[in-house]
Amino acid sequence: MAPSKEEKKFILEMYHGFPELWKVKSKEYSDREKKEAAYDTLLLKYKEWYTEATKDDLKKKLNAMRTTFRRLALLVHPLRTLATN
């Protein structure tokens with residue numbers, strides 16, 4: 001089942017609030033305990049949409065969204081994206 005626009009927006013806003021999950025250059029990114037706490041918090045919010053969701057489901061959803069973002073970024077700015085890798 002494809003996520004709705006509202007669901008995507010909700011997940012992305014929540015995800016953006018936890019830089020330890022996505023901001024590679026921050027100190028918190030390498031802190032496993034902070035990451036797990038962030039995933040637990042996100043999971044509680046994610047269960048508002050999917051009551052039977054697990055942490056693995058949430059991680060798969062976030063990974064799919066990151067992959068999609070990278071693919072689209074490569075289409076929009078191919079040289080800039082390749083230069084940052």
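In this predicted model, the count comes to one cavity of 30 Å³ or more. The largest cavity has a volume of about 50 Å³. Its lining is formed by Phe 10, Ile 11, Met 14, Leu 42, Lys 45, Tyr 46, Leu 58 and Leu 62. By class, seven of these lining residues are nonpolar, none is polar and one is charged. Three helices each supply at least two residues of the lining: H1 (5-16), H3 and H4.

Two of these helices also pack against each other. Helix H3 spans residues 32-46 and helix H4 spans residues 55-76. Their axes lie 10 Å apart, at an angle of about 95°. Angles of 65 to 115 degrees count as roughly perpendicular, and H3 and H4 are therefore roughly perpendicular to each other. On the H3 side, the contact is made by Glu 36, Tyr 39, Asp 40, Leu 42, Leu 43 and Tyr 46. On the H4 side, Lys 55, Leu 58, Lys 59, Lys 61 and Leu 62 take part. The residues of this contact divide into six nonpolar, no polar and five charged. Leu 42 and Tyr 46 of H3, together with Leu 58 and Leu 62 of H4, belong to the contact and also line the largest cavity.

Aromatic pairs were then counted, and the total comes to two. In one of them, the ring centres of Phe 10 and Trp 49 are 5.9 Å apart and the ring planes stand at 50°, so the pair is tilted. This pair links distant parts of the chain. Phe 10 lies in helix H1, whereas Trp 49 lies in the loop between H3 and H4, 39 residues apart. Phe 10 is also one of the residues lining the largest cavity.

How values were computed
Residues are numbered from 1 along each chain as its sequence is written. This is a predicted model: local features need pLDDT of at least 70, side-chain atom pairs count only at pLDDT 80 or more; totals for chains, interfaces and linings use all residues. Side-chain values use heavy atoms; hydrogens and water are left out. Axes are lines fitted to C-alpha atoms, for helices over the stretch in contact, and angles run from 0 to 180 degrees between N-to-C directions. Helices (H or I, at least four residues) and strands (E, at least two) are DSSP runs, numbered from the N terminus. Angles under 35 degrees count as roughly parallel, over 145 as roughly antiparallel, 65 to 115 as roughly perpendicular and the rest as oblique. Contact means heavy atoms within 4.5 Å. Ala, Val, Leu, Ile, Met, Phe, Trp, Tyr, Cys and Pro count as nonpolar, Asp, Glu, Lys and Arg as charged, and the others, Gly among them, as polar. On a 1 Å grid over the protein atoms alone, a cavity is a set of points where a 1.4 Å probe fits but cannot get out, and a pocket is an open set with protein on both sides within 12 Å along at least five of seven lines; lining residues have an atom within 4 Å of a point. Grid points are joined across faces, edges and corners, and a volume is the space filled by probe spheres set on the points. Rings of Phe, Tyr and Trp (its six-membered ring) pair if their centres lie within 6.5 Å; planes under 30 degrees apart count as stacked, over 60 as edge-to-face and the rest as tilted.
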